[in-house]
Amino acid sequence: MPSLLRRERKEKAVEAAEFGVDVGVELGSVPAAATMFSCVGCFWVLLSTALVAVCSFSYMSPAWIVADQSRNNHHHPHPHRRHHSDSKDSVSFGLLWHCSESLDHMYRCYTFGGVGKFTEIPSSSWQTSAVLCSGGCALLAVSSLLAIVTIFVPSGAWERKVCTLAGYMQMASVFIMAAGLLVYPFGLNSSVVRSFCGNSDIYYAGDCQIGWGYMLAIVGVMLTIFLPIFAKYAPKEHLSPTPLPTLL
């Protein structure tokens, strides 16, 4: 009798185990098929896309250095000199564009030397800054595309690899764009800028002032610093965070 009871218990245990395995496989396949979004991952994607737009808009802006005509007039109180200063067009400079406002209040913008003439940018420092900023922004755009791809990738090793790659690219873009912003003020001592800004020099704008385009680029780079940190925790199932450098 005890042997029969043991046999029945074993058979029930085997049936329950088989049923549990089948159910576990079927139930386990449901979360894998339905890809869930993590809050950190979604915020990372949105912030990456927004910063690509901010950096692109700021780098295309012609208002990095702006000639302040009111300051020029203040330094020349003599009526004849003031009239001579007013006859001078209001000018602003960017990475690739320069704009001027004439006496008829028409604001016209032109590329330096025309489209395709990169060497016509008035300073080698500005040429270097244009290459660095454009390259960093392009790298940030590619990493943003990778961040969007992670939304549709199932959680697992491939998702962590894509997040890691995007995080490294975003970190590299921060250093590249920051270098471009630091190099740009070295071009303030060029003859073209001095003709409008007076005694301007490296990291000194003279009679001009820093425009909103340059300040927007600085803010964009400062916010981009946080993207690699979010990339570290972006995977939907991060049992172990993605291996980014220890400085994060």
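Colleague: Which residues does Ser123 touch, not counting residues up to four places away in sequence?

Modeller: This is a predicted model. In it, Ser123 touches Gly187 and Ser190, with residues up to four places away in sequence left out. Ser123 itself is placed in the loop between β4 (107-111) and α5.

Colleague: Is Ser123 buried or exposed?

Modeller: The term buried applies under 20% relative accessible area. Ser123 has a relative accessible area of 6%, and therefore it is buried.

Colleague: What may be said of Ser125 in terms of location and contacts?

Modeller: Ser125 belongs to helix α5, which spans residues 124-152. Its relative accessibility is 16%, so Ser125 also counts as buried. Leaving aside residues up to four places away in sequence, Ser125 touches Val183, Phe186 and Gly187.

Colleague: How does one describe a pair of packed helices?

Modeller: One gives the angle between their axes and the distance between the axes. Consider helix α6 (residues 157-183) and helix α8 (residues 212-224): their axes come within 9 Å and cross at roughly 155 degrees. Angles over 145 degrees count as roughly antiparallel, so α6 is roughly antiparallel to α8. The crossing of α6 and α8 is left-handed.

Colleague: Which residues make the contact of α6 and α8?

Modeller: From α6 come Gln170, Ser173, Val174, Met177, Ala178 and Leu181; from α8 come Tyr214, Ala217, Ile218, Val221 and Thr224. By class, the residues of this contact of α6 with α8 are eight nonpolar, three polar and no charged.

Colleague: What is the arrangement of α2 and α6?

Modeller: The axes of helix α2 (residues 39-60) and α6 come within 13 Å and cross at roughly 25 degrees. An angle under 35 degrees counts as roughly parallel, so α2 is roughly parallel to α6. The crossing of α2 and α6 is left-handed. Trp44, Ser48, Cys55 and Tyr59 in α2 meet Cys163, Ala166, Gln170, Met177 and Leu181 in α6. The contact of α2 with α6 comprises seven nonpolar residues, two polar and no charged.

Colleague: Where does Tyr203 lie, and what is its phi?

Modeller: Tyr203 lies in the loop between α7 (191-197) and β5 (208-210). Although Tyr203 is not a glycine, it has a positive phi of about 60 degrees.

Colleague: How many helices and strands does the protein have, and in what order do the elements run?

Modeller: There are nine helices and five strands. From the N terminus on, the order is α-α-β-α-α-β-β-β-α-α-α-β-α-α.

Colleague: Which totals describe the protein as a whole?

Modeller: Of its 248 residues, 35% count as buried. The protein exposes about 14500 Å², of which carbon and sulfur atoms supply 69%. Among contacts with a separation of 6 or more, residues 24 or more positions apart account for 68%.

Key
Residues are numbered from 1 along each chain as its sequence is written. This is a predicted model: local features need pLDDT of at least 70, side-chain atom pairs count only at pLDDT 80 or more; totals for chains, interfaces and linings use all residues. Side-chain values use heavy atoms; hydrogens and water are left out. Axes are lines fitted to C-alpha atoms, for helices over the stretch in contact, and angles run from 0 to 180 degrees between N-to-C directions. Helices (H or I, at least four residues) and strands (E, at least two) are DSSP runs, numbered from the N terminus. Angles under 35 degrees count as roughly parallel, over 145 as roughly antiparallel, 65 to 115 as roughly perpendicular and the rest as oblique. A crossing is left-handed if the near helix is turned anticlockwise from the far one by less than a right angle, and right-handed if clockwise. Contact means heavy atoms within 4.5 Å. Ala, Val, Leu, Ile, Met, Phe, Trp, Tyr, Cys and Pro count as nonpolar, Asp, Glu, Lys and Arg as charged, and the others, Gly among them, as polar. Buried means under 20% relative accessible area, exposed over 50%, partly exposed in between (1.4 Å probe, protein chains only). Accessible areas come from the Shrake-Rupley method with a 1.4 Å probe; for residues, only the protein chains shown count as cover.
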